[in-house]
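I opened this entry to look at the fold and the ligand site. My notes follow the order in which I looked things up.

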Amino acid sequence: MSDKSQVVVVGVGASRGLGAALARRFAREGHPVVLAGRTATRLEEIAAEVRAIGPAATVVPTDVTNDEQVSNLFETADENGPIDAVLHNVGNNAIIPFADLTAKKFELFWRIGCLGAFHVAKQAVPRMLARGHGSLMFTGASASLRGKPAFAHFAAAKAGLRNLAQSLAREYGPQGVHVAHVIVDGVINGEAVRNILPEYVDRLGEEGTLDPDAIAETYLAIHQQPRSAWTHETEVRPFKESW
Ligand SMILES: NC(=O)c1ccc[n+]([C@@H]2O[C@H](COP(=O)([O-])OP(=O)(O)OC[C@H]3O[C@@H](n4cnc5c(N)ncnc54)[C@H](OP(=O)(O)O)[C@@H]3O)[C@@H](O)[C@H]2O)c1
């Protein structure tokens, strides 16, 4: 049995997606993994992948917009032991021209993309402070840094998430909590985009998209950094990306 502590991955969906890739990568390092997302059947599939690698996997269906469900997620993880890292990967996206963007949709994107991260941080930070260490990482996007037409809802949520991460890093870094924000600047070659724009992903090809398993290497490297040289923010993009 591994003596490594748990990693909680929040925002796990398809096997070919970043959340699942993070779970597998940390599992290969020997970490037991707690998997959270809204769809139990998909979480069970990824749990089977983690167990096939070796470490234990715990499935906790969770909607991050609901603070009670997020509390339950962390209380369930506590039953297994301490937490080394929390990877907040939740995100959704859609092309919505501003004329079609209702207040309800705008708020929903913020609830999923930003408020949910607040709920997760509220649970993760005290646990990490109590141990004097831990990594809390958030997944950003190109929209974390700038808004584009038809993406006001997404850009506002991701920019808020970025500043939440920055504030937490400055407040809790000196107490040993490593808060990081990873900007994914390009299209992930996974189910999320493939489901809505398959021809776009095919046109970009493997060299023009980010492989989720390759992105996961960056999260692991940040988690393993010695604390005399921490990264707070980094970007990953395909080598062919124009930026
Ligand atoms: N895909 C891209 O091209 C791209 C590009 C740049 C940045 N990103 C960022 O990368 C991250 C995700 O990567 P991905 O596209 O590969 O997707 P993914 O990691 O496969 O999946 C993220 C999962 O989050 C879950 N989720 C959504 N809303 C949730 C909620 N309210 N509570 C809990 N879980 C929730 C969804 O599963 P359920 O629906 O089953 O809950 C979804 O499958 C996001 O932060 C996204 O903004 C993606």
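Which residues of α1 are buried? I found L18, G19, A20, A21, L22, A23, R24, R25, F26 and A27. Buried here requires 20 or more other C-beta atoms within 10 Å of a residue's own; exposed means 12 or fewer, partly exposed is in between, and C-beta atoms are placed from the backbone. Helices (H or I, at least four residues) and strands (E, at least two) are DSSP runs, numbered from the N terminus.

Two points on the model itself. It is predicted, so I noted the limits: local features need pLDDT of at least 70, side-chain atom pairs count only at pLDDT 80 or more, and totals for chains, interfaces and linings use all residues. Residues are numbered from 1 along each chain as its sequence is written.

**Helix α1.** Ten of its eleven residues are buried, so α1 is largely enclosed by the rest of the structure. I checked what the buried residues pack against: β1 (6–10), β2 (33–37), α2 (40–53), β4 (83–88), β5 and α8 (212–223). Contact means C-beta atoms, placed from the backbone, within 7 Å. I then looked at A23. Leaving aside neighbours within four places in sequence, A23 touches V9, V12, V33, L35, I46 and V50. After α1 comes G30, with a positive phi near 100°.

**Core.** The largest nonpolar core holds 70 residues. V9, A23, V33 and L35 have the most contacts inside it. Such a core is a set of buried Ala, Val, Leu, Ile, Met, Phe, Trp, Tyr and Cys residues joined through C-beta atoms within 7 Å.

**Sheet.** I traced an open sheet of seven strands, ordered β3-β2-β1-β4-β5-β6-β7, with parallel pairing. Pairing requires at least two DSSP bridges between two strands. β3 (57–61) and β7 (233–236) stand at the edges with a single partner strand each, so one side of each lacks a neighbour in the sheet. The twist averages 15° from one strand to the next.

I looked at β4 next. Six of its six residues are buried, so β4 is largely enclosed by the rest of the structure. Five bridges pair β1 and β4 in the parallel sense. Four bridges join β4 to β5, also parallel. V9 stands opposite L87 in β4. L87 in turn has M137 as its bridge partner in β5. H88 stands opposite F138 in β5.

**Helices on the sheet.** α4 packs on the sheet and touches β1, β4, β5 and β6 (177–184). The direction of α4 makes about 155° with that of β5. α2 lies across β2 and β3, running at about 170° to β3. Axes are lines fitted to C-alpha atoms, for helices over the stretch in contact, and angles run from 0 to 180 degrees between N-to-C directions.

**Ligand shell.** Which residues come nearest the ligand? Of the 30 around it, they are G13, G17, R38, G91 and A192. A residue counts as near if its C-beta atom, placed from the backbone, lies within 6 Å. Elements giving two or more residues to the shell are α1 (18–28), α4 (103–131), β5 (134–141) and α6 (191–196).

**D211.** I found D211 in the loop between α7 (198–204) and α8. D211 has 16 C-beta neighbours inside 10 Å, so it counts as partly exposed. D211 and N189 are 22 residues apart in sequence and 5.5 Å apart in space, C-alpha to C-alpha.

Terms used:
Contact = placed C-beta atoms within 7 Å.
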